[in-house]
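Have your viewer open and your selection tool ready. We will go stop by stop, with something to select at each one.

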Amino acid sequence: MTQAASTIAHADLPPAPTGPRRTALQRQRARVGIAMAAPAFLLVAVLLGGPIIEAVYYSMTQWDGLTTTWIGPSTYTHELHNPFFWRVLQNNGLLLLAVPVAVAIPFGIAVLLNARVPGWRVFRSIYFLPTAISWVVIGMVALRFFAAEGSLNGILQAVGLGAIHTDLLSSERSALFAVAITFVWSMVGTNTIIFLTGMATLDLSLAEAARVDGASGWQILLRITLPQLRRFIQFSVVMTLISAFTALFSLIFVMTGGGPGFGTTTLEFFVYQTAFANTDFGTGAMLGVILFLIMSVIGIVQVRLLRTDD
Amino acid sequence: MATVDANAVAVRPRRRRPRRRTALLLALMVAIAVVMLYPFWFMVDTSLHSNDAFLHGGPRSLVSWRKLLDALPVGHELWNSTVVCTASIAIIVFVSTMAGFAFAKLRFRAATFVFLAIVAALMIPIQSIIIPAFINLADWQLLGSYTGAVLMYAALGTPFATFLMTAYFRSLPDDVIEAGIIDGLSYAAVFRRIALPMAVPAIVTVGVLQFIQIWDDLLVGLLLLQNLDDRTITVGLGALAAGRTTDIPVLMAGSLLSAIPAIVVYLVFQRYLVNGLTAGIGK
């Protein structure tokens with residue numbers, strides 16, 4: 001998903017030979033090429049491309065999976081008057097506040113690892129380990145961690161803060177906060193790896209020259225290192241943004257079921273709830289289309305940013 | 001890069017790192033490691049207690065693991081996960097290596113357009129298409145077996161795999177292909193006998209990345225594996241959690257069991273996974 005935009009920005013396949021004087025070999029090559037590309041294209045067109053067009057059609061119908069009644073684009077304006085829809089979007093908005101944190105902490109960790117203290121490779125492996133774990137498993141543990149009788153309160157008690165008794169999952173806002181913390185934790189591995197990869201590409205001679213000229217550590221970080229890492233920071237922000245919008249279904253499904261109330265229902269979870277729990281396929285399809293539009297905007301912005309980079 | 005490092009060392013003899021700074025960095029890294037490893041420790045520790053011992057304190061035992069094996073078809077679900085992952089990855093590798101080779105080396109007129117069309121599908125979130133896809137696959141009678149889910153996983157993994165394979169084959173020199181053709185091989189034979197063996201590292205990257213994604217997925221399996229006997233371990237676990245089972249140690253044993261294969265793959269193929277995750281950054 002994330003990779004799409006950067007790929008499009010860098011997509012410049014060599015041109016195909018054209019004109020009347022193509023040799024027999026070139027024609028054969030083109031034929032083989034089309035045949036070899038066809039299976040991938042068909043798979044994607046039938047199972048992803050077709051459904052997104054169907055989704056737009058269904059979004060303008062009243063549809064419970066059996067009977068379809070055409071209504072038209074007014075379904076969209078109608079949804080704008082649904083207070084739950086705005087509540088759900090608000091949850092997405094609040095989750096976005098976690099994105100800077102989910103990028104900044106791994107950046108700090110990457111700086112730490114990049115100091116190459118003996119044994120740093122082991123720590124890198126440990127920090128990256130959660131990347132292999134399912135959101136289902138993460139949600140399962142997080143549920144126990146934040147529960148009233150869970151580990152968080154145990155830890156608070158152990159360090160003498162037993163007076164602070166938390167029960168984050170029992171009220172709407174605090175439950176979303178707990179989901180956000182879990183989300184930040186889960187992004188540490190991926191983002192740390194992105195920044196470590198970036199730091200390995202740094203031209204150290206620039207920082208060295210600045211140091212010789214008397215620049216301080218902070219100045220070097222702000223003026224030289226950060227600008228050199230711009231592309232990696234962008235990539236990490238977009239990756240995190242996309243995860244916040246589209247990767248949290250399983251986590252929410254296991255951890256809170258979208259509740260309490262609509263407290264942790266995000267747009268992607270709302271699609272599932274509307275379509276499969278309330279069997280309102282038409283509205284579900286519409287919410288899916290809205291999610292797709294939001295993602296497209298993020299993708300287009302990313303392509304723009306990368307293009308201006310080059 | 002290496003030469004820069006070498007020069008720096010030559011000009012400025014390496015300073016001995018101050019001990020106190022090293023100790024501080026190490027302490028920080030250990031603290032972070034504790035935070036990252038805590039859930040794993042929690043799963044191991046909790047699963048080694050009976051429910052009663054977990055709630056009210058008590059000695060460790062294997063009671064919960066035995067209960068897990070009795071209560072849930074974990075062996076069968078692990079097998080389902082393996083079948084679904086293997087079949088999906090096989091399809092992804094099959095179509096993406098061919099398409100990548102075609103886009104990179106067999107330049108036909110619509111190549112750029114078709115390539116962009118496939119890669120643009122990366123922008124489609126699964127939630128946006130799951131409803132029509134669900135209806136279509138139900139119409140085609142594919143929800144009662146692995147087939148519907150396998151096809152969906154394959155379609156979802158193909159765009160990025162195609163991007164990766166195209167990039168990889170583009171880095172192979174054209175001469176290699178032309179030499180094969182001059183030797184009298186067909187394009188298909190050049191692909192099979194020359195290009196494909198050279199692409200093994202990229203294929204491993206695609207396989208590892210997809211394995212972890214498919215093994216860990218809940219949504220597609222939950223909706224497209226309608227037959228309870230076809231459920232993967234992650235879906236079985238997700239359904240169990242949603243049922244609000246109160247036996248936490250059994251849940252933790254299940255979580256740990258479901259995570260182990262992905263952890264093993266991660267530990268063995270860590271380098272490839274990192275390559276795959278950072279491949280999208282571009283040049």
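Start with the interface: select the 85 residues of chain B and the 88 residues of chain A that make up the contact (two residues are in contact if their C-beta atoms, placed from the backbone, lie within 7 Å). Colour the chain B side by class and you will find 65 nonpolar, 16 polar and four charged residues. Here Ala, Val, Leu, Ile, Met, Phe, Trp, Tyr, Cys and Pro count as nonpolar, Asp, Glu, Lys and Arg as charged, and the others, Gly among them, as polar.

A word on conventions: this is a predicted model, in which local features need pLDDT of at least 70 and side-chain atom pairs count only at pLDDT 80 or more, while totals for chains, interfaces and linings use all residues. Residues are numbered from 1 along each chain as its sequence is written, with chains lettered from A and ligands numbered from 1 in the order in which they are written.

Next, select H6(A), residues 120-128, and H9(A), residues 172-200 (helices are DSSP runs of H or I, at least four residues, numbered from the N terminus). Their axes come within 7 Å and cross at roughly 135 degrees; axes are lines fitted to C-alpha atoms over the stretch in contact, with angles from 0 to 180 degrees between N-to-C directions. Show side chains for A:Arg124, A:Tyr127 and A:Phe128, which meet A:Val188, A:Gly189, A:Thr192, A:Ile193 and A:Leu196.

Finally, colour chain B by pLDDT, the predictor's confidence in each residue, from 0 to 100. The chain B average is 87.

Technical notes. Helices (H or I, at least four residues) and strands (E, at least two) are DSSP runs, numbered from the N terminus.
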